[in-house]
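Please look through the structure shown below, and read the report that follows with it in view.

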Amino acid sequence: MVCDCSPPSQEDISMGLAFCGEDCLNRMLMIECGSRCPCGDMCTNKRFQRRHYAKTEPFRAEVKGWGLRATSDLSSGVFVMEYVGEVLDYPNFRLRCKQYAEDNHTHHYFMALNGDEIIDATQKGNTSRFINHSCDPNCETQKWTVNGQLRVGFFTLRSIPAGTELTFDYQFEQYGSEIQRCFCGADSCRGIIGTVKEGHAKEVQEAEEEEEVDIAPKKSKKLFDDHMLKEEIEKLESNNGLRRKDHVLELARLMVRAESSQDRRSLLHILQVTKEAACLRL
Ligand SMILES: [Zn+2]
Ligand SMILES: [Zn+2]
Ligand SMILES: [Zn+2]
């Protein structure tokens with residue numbers, strides 16, 4: 001998508017303005033600009049593509065194993081790093097799980113990408129795989145659309161002084177059947193990493209049982225639902241229509257990510273029940 005930012009003038013450039021900054025339509029919708037961006041080389045909304053990562057280093061985080069910490073002060077809302085690895089479909093994900101269980105891997109590095117694919121950073125990845133879970137995290141994952149493909153990255157939730165360990169909430173991305181103890185030390189610590197949702201563990205188990213009789217696993221099985229997407233849609237639905245400017249922005253962001261007819265219908269329904277004229281105009 002091409003944003004409607006104005007191309008930079010010589011004067012703008014000499015003033016050191018940020019192009020495709022906070023007001024860029026693409027940025028607001030969590031889409032990175034492409035080659036046709038009016039701001040060209042001056043566009044700052046290409047952080048995944050240009051690997052504009054924060055300064056970090058791996059370190060020994062005692063009982064947690066490896067961790068990743070900031071080596072410079074980071075402000076809030078900063079892009080830390082992309083979560084990269086091998087993108088697996090469902091049958092290959094199952095094979096890896098079996099293989100890692102046989103090899104007694106204690107750590108695994110799976111991250112849900114969308115309904116059909118998972119990122120495995122066990123064998124190929126970058127240092128972002130060392131970012132540990134915390135029940136009170138200072139980073140979050142965000143899903144951005146880059147040249148039509150969904151990618152996952154870590155972003156800071158608050159300002160982080162140099163030397164601080166970077167953490168995120170692994171809650172929705174845990175697919176192992178074994179419960180891992182949490183050592184995050186937060187007051188709000190839940191005690192375990194990756195509270196597997198009620199029913200989800202059962203689903204995994206059922207899928208495993210099913211596989212024994214079913215030689216060719218169904219490729220279309222939606223085991224890795226985009227939980228966050230579903231939850232975000234439900235949260236927006238609970239407002240009974242769009243009521244504020246930020247609801248409109250949230251709806252537009254969800255529209256970029258929604259791929260199933262069911263999700264799209266839910267989003268259309270939110271529009272249908274909106275009474276607020278100002279929101280409808282937006
Ligand atoms: Zn722009
Ligand atoms: Zn741009
Ligand atoms: Zn914890």
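Leucine 280 is partly exposed, with a relative accessible area of 45%, and in this predicted model leucine 280 is found in helix α9, which covers residues 277–281. Together with Leu268 and Leu271, Leu280 makes a nonpolar surface patch of about 260 Å². Arginine 243 is 37 residues away from leucine 280 in sequence, yet the two C-alpha atoms are 9.4 Å apart in space. Arginine 243 lies in the loop between α6 (227–237) and α7, and with a relative accessible area of 48% arginine 243 is partly exposed.

Helix α7 itself covers residues 245–257, and its 13 residues reach 19 Å from the first C-alpha to the last, which is close to the 18 Å expected at 1.5 Å a residue. Which residues of α7 are buried? They are His247, Val248, Leu251, Leu254 and Arg257.

| Zinc ion | Protein donors | Distance from the ion |
|---|---|---|
| ligand 1 | Cys3 (SG), Cys5 (SG), Cys20 (SG), Cys24 (SG) | 2.3 to 2.4 Å |
| ligand 2 | Cys20 (SG), Cys33 (SG), Cys37 (SG), Cys43 (SG) | 2.2 to 2.4 Å |
| ligand 3 | Cys135 (SG), Cys182 (SG), Cys184 (SG), Cys189 (SG) | 2.3 to 2.4 Å |

Around the zinc ion (ligand 1), the four donor atoms make angles of 106 to 112°, and the site is tetrahedral; along the chain, these donors follow the spacing C-x1-C-x14-C-x3-C. Which residue coordinates both the zinc ion (ligand 1) and the zinc ion (ligand 2)? Cysteine 20 does, and the two ions are 3.7 Å apart. Cysteine 20 and cysteine 24 are both buried, and for cysteine 20 the relative accessible area is 3%.

The arrangement around the zinc ion (ligand 2) is tetrahedral because its four donor atoms subtend angles of 101 to 113°, and the donor residues are spaced C-x12-C-x3-C-x5-C in sequence. Cysteine 20 lies in the loop between α1 (10–15) and α2 (25–28), while cysteine 43 lies in the loop between α2 and α3 (47–50), so this pair ties together parts that are 23 residues apart in sequence. Cysteine 43 is buried, at 1% relative accessibility.

For the zinc ion (ligand 3), the four donor atoms subtend angles of 103 to 115°, which makes the arrangement tetrahedral, and the spacing of its donors along the chain is C-x46-C-x1-C-x4-C.

Arginine 151 lies in strand β9 and glutamate 82 in strand β3 (residues 79–82), so the pair ties together parts that are 69 residues apart in sequence. Arginine 151 is partly exposed, with a relative accessible area of 23%, whereas glutamate 82 is buried at 8%.

Another salt bridge links aspartate 120 with arginine 96, whose closest N and O atoms are 2.8 Å apart. Since aspartate 120 lies in strand β6 (residues 118–120) and arginine 96 in helix α4 (residues 90–102), the pair ties together parts that are 24 residues apart in sequence. Both aspartate 120 and arginine 96 are buried, and together with Glu86 these residues are linked in a network of salt bridges.

Finally, most residues other than glycine have a negative phi. Arginine 51, however, has a positive phi near 50°; arginine 51 is found in the loop between α3 and β1 (56–60) and is exposed at 62% relative accessibility. Asparagine 147 also has a positive phi, of about 50°, and sits in the loop between β8 (139–146) and β9 (149–156), where asparagine 147 counts as exposed at 57% relative accessibility.

Notes. Residues numbered from 1 in each chain as written. Chains lettered and ligands numbered in written order. Predicted model: local features only at pLDDT ≥ 70, side-chain atom pairs only at ≥ 80, totals over all residues. Heavy atoms only, no water. Donors = N, O, S within 2.8 Å, 3.2 Å for Na, K, Ca; no water. Tetrahedral: all angles 85-135°; square planar, octahedral: opposite > 155°, others 65-115°. Helix = DSSP H or I, 4+ residues; strand = E, 2+ residues; numbered from the N terminus. Buried < 20%, exposed > 50% of the residue type's maximum accessible area, 1.4 Å probe, protein only. Patch = residues over 30% accessible without salt bridge, like charges linked within 9 Å, V, L, I, M, F, W, Y side chains within 5 Å. Areas by Shrake-Rupley, 256 points an atom, 1.4 Å probe, with all protein chains shown as cover. Salt bridge = Lys/Arg side-chain N within 4 Å of Asp/Glu carboxyl O. Expected span 1.5 Å × (residues − 1).
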